[in-house]
Amino acid sequence: MQSLTTTSLRIRENQLWILDQQALPQRSDWRECRDVSELVDHIRTLRVRGAPLIGLSASLLLALLAEQGMAQDALHHALETLRASRPTAVNLMNNLDRMKAALQHTDYVKALTEEALRLVDEDRALCDSIATHGATLVMPGSRLLTHCNTGGLATAGVGTAIGVIRRAHEQGNVAQVWVDETRPLLQGGRLTAWELGELSIPYQLICDSMAASLMAQKRVDAIWVGADRIAANGDVANKIGTYSLAVLAKYHGIPFYVAAPHTTHDPQCPDGAAIPIEQRAAGEVTGVSGSFGSVQWAPDNAQVYNPAFDVTPAELISGWVLDVGVVTPGQVRDGVFRQALR
Ligand code: MRU
């Protein structure tokens with residue numbers, strides 16, 4: 001396969017490399033990813049994370065395994081193992097459905113390679129279109145609040161919500177960004193803070209619990225988040241903590257935008273209640289660990305509830321900013337998400 005470089009994926013000499021998102025920002029560790037069990041482990045531990053990136057990494061690995069001579073049956077098994085690695089982000093399933101179709105071709109090795117590379121190119125273009133549409137909604141001097149990490153680390157391109165912020169900043173319309181640290185895994189504090197710093201976009205990092213008082217003080221003009229799945233009624237699953245931001249935004253009269261590619265849309269899923277929500281290990285809540293080390297503050301026997309995502313009902317969303325354009329609440333009520341977008 002040809003060489004390839006995104007912010008967090010590389011193909012070099014027919015091997016997949018991933019930028020370890022658990023080591024950032026203290027270290028930039030590139031890890032080779034040789035087989036399915038390694039990639040599944042990287043995905044489950046969030047070394048590879050973000051809805052679009054999970055799907056792209058799985059697709060690229062399948063294509064490389066085919067090039068290395070893996071048989072068709074084994075590729076089918078590998079595909080299904082990768083599909084089961086994380087349940088909530090539907091981009092993984094959507095990308096793998098396309099790879100599965102490529103696997104039916106007589107020359108499936110060529111078809112898989114072409115499809116995986118096409119998915120990467122498409123994702124770059126999708127991010128670019130989202131940024132273009134989203135930036136039209138950002139007023140001059142905006143103070144924007146974002147949650148989790150939705151940038152170049154999580155996609156092949158400029159990102160989704162962060163892509164919008166980046167484009168609006170280039171247009172001179174962003175005064176500053178409030179970055180939620182995003183407990184428990186700190187994607188905001190570790191990754192978004194790092195990405196915005198690299199892009200020279202002014203930001204201030206806050207604990208998630210500080211967002212409400214900032215809104216009450218009228219210091220937030222709009223909220224921009226990504227999505228892991230958009231249901232047919234417009235409900236959105238995204239990183240845990242997104243729903244509370246949307247409720248707060250409604251109370252304070254602040255626009256709340258969701259930015260995502262159409263690969264995040266799942267017309268088969270009627271509403272948010274049908275979206276599978278990943279439950280994660282207790283250790284992520286009883287303490288914290290990363291390249292900085294590990295610490296536990298809760299008692300050893302503390303009982304923990306740790307859903308990785310929550311669902312924001314459509315009625316709290318001001319606009320779904322997609323590559324195909326900005327979808328309004330009225331269009332959602334008219335059923336725009338009940339059918340495929342392309
Ligand atoms: O658990 P994560 O870090 O993979 O969760 C990521 C998110 O919730 C993002 O907001 C979403 O995937 C959009 S990424 C462009």
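Mentor: We will go label by label, setting each value against its cut-off. Keep in mind that this is a predicted model.

Trainee: Let us start with the domains. What does the domain assignment give for the protein chain?

Mentor: It gives domain 1 (4-127) and domain 2 (139-334). Their C-alpha centres lie 24 Å apart.

Trainee: How do you know that domain 1 and domain 2 are in contact?

Mentor: Contact means heavy atoms within 4.5 Å. By that test, 34 residues of domain 1 are in contact with 38 residues of domain 2. The two domains bury about 2900 Å² between them, and 55% of that is on carbon and sulfur atoms. Arg49, Thr88 and Leu126 supply 22% of the area that domain 1 buries against domain 2, more than any other three residues.

Trainee: What does UniProt list for "active site"?

Mentor: The unreviewed UniProt entry lists Asp228. In the model, Asp228 sits in the loop between β8 (222-225) and β9 (229-230).

Trainee: Why does Asp228 count as buried?

Mentor: Buried means under 20% relative accessible area. Asp228 has 8% relative accessibility, so it counts as buried. Leaving aside neighbours within four places in sequence, its contacts include Ala51, Thr88, Asn91, Lys239 and Phe309.

Trainee: Which label does Asn173 get, buried or exposed?

Mentor: Its relative accessibility is 15%, so Asn173 counts as buried. Asn173 is in the loop between α6 (161-170) and β6 (174-180). Beyond its neighbours within four places in sequence, it is in contact with Val138, Met139, Pro140, Gly141, Ser142 and Ala168.

Trainee: Which residues of α3 are buried, and what puts them on the same side?

Mentor: Leu75, Ala78, Leu79, Leu82 and Arg83 are buried in α3. They cover an arc of only 135 degrees around the axis, so they are on the same side of α3. Asp73 and His77 are exposed on the other side. The buried residues of α3 pack against α1 (36-44), α2 (51-67), α4 (90-103) and α5 (108-135).

Trainee: What makes Asn14 and Lys218 worth a look?

Mentor: Most residues other than glycine have a negative phi. Asn14 has phi near 60 degrees, a positive value. Lys218 also has a positive phi, near 60 degrees. Asn14 is in the loop between β2 (9-12) and β3, and Lys218 is in the loop between α8 (211-216) and β8.

Trainee: Why is Asn14 called partly exposed, and why is Lys218 called exposed?

Mentor: Exposed means over 50%, and partly exposed lies between that and the 20% cut-off for buried. Asn14 has 34%, so it counts as partly exposed. Lys218 has a relative accessible area of 66%, so it is exposed.

Trainee: Last one. Where are the cis peptide bonds you flagged?

Mentor: Most peptide bonds are trans. A cis bond joins Leu24 and Pro25, with omega about 0 degrees. Pro25 is in the loop between β3 (15-19) and β4 (30-33). The bond from Arg183 to Pro184 is cis as well, with omega near 5 degrees. Pro184 lies in the loop between β6 and α7 (187-198).

How values were computed: Residues are numbered from 1 along each chain as its sequence is written. This is a predicted model: local features need pLDDT of at least 70, side-chain atom pairs count only at pLDDT 80 or more; totals for chains, interfaces and linings use all residues. Side-chain values use heavy atoms; hydrogens and water are left out. Buried means under 20% relative accessible area, exposed over 50%, partly exposed in between (1.4 Å probe, protein chains only). Helices (H or I, at least four residues) and strands (E, at least two) are DSSP runs, numbered from the N terminus. The arc is that of the directions from the helix axis to the C-beta atoms. UniProt positions are given in the numbering used here, feature names are shortened, and annotations may be inferred rather than shown by experiment. Domain bounds come from an automatic or database domain assignment. Buried area is the accessible area (1.4 Å probe) that two parts lose on being put together, summed over both.
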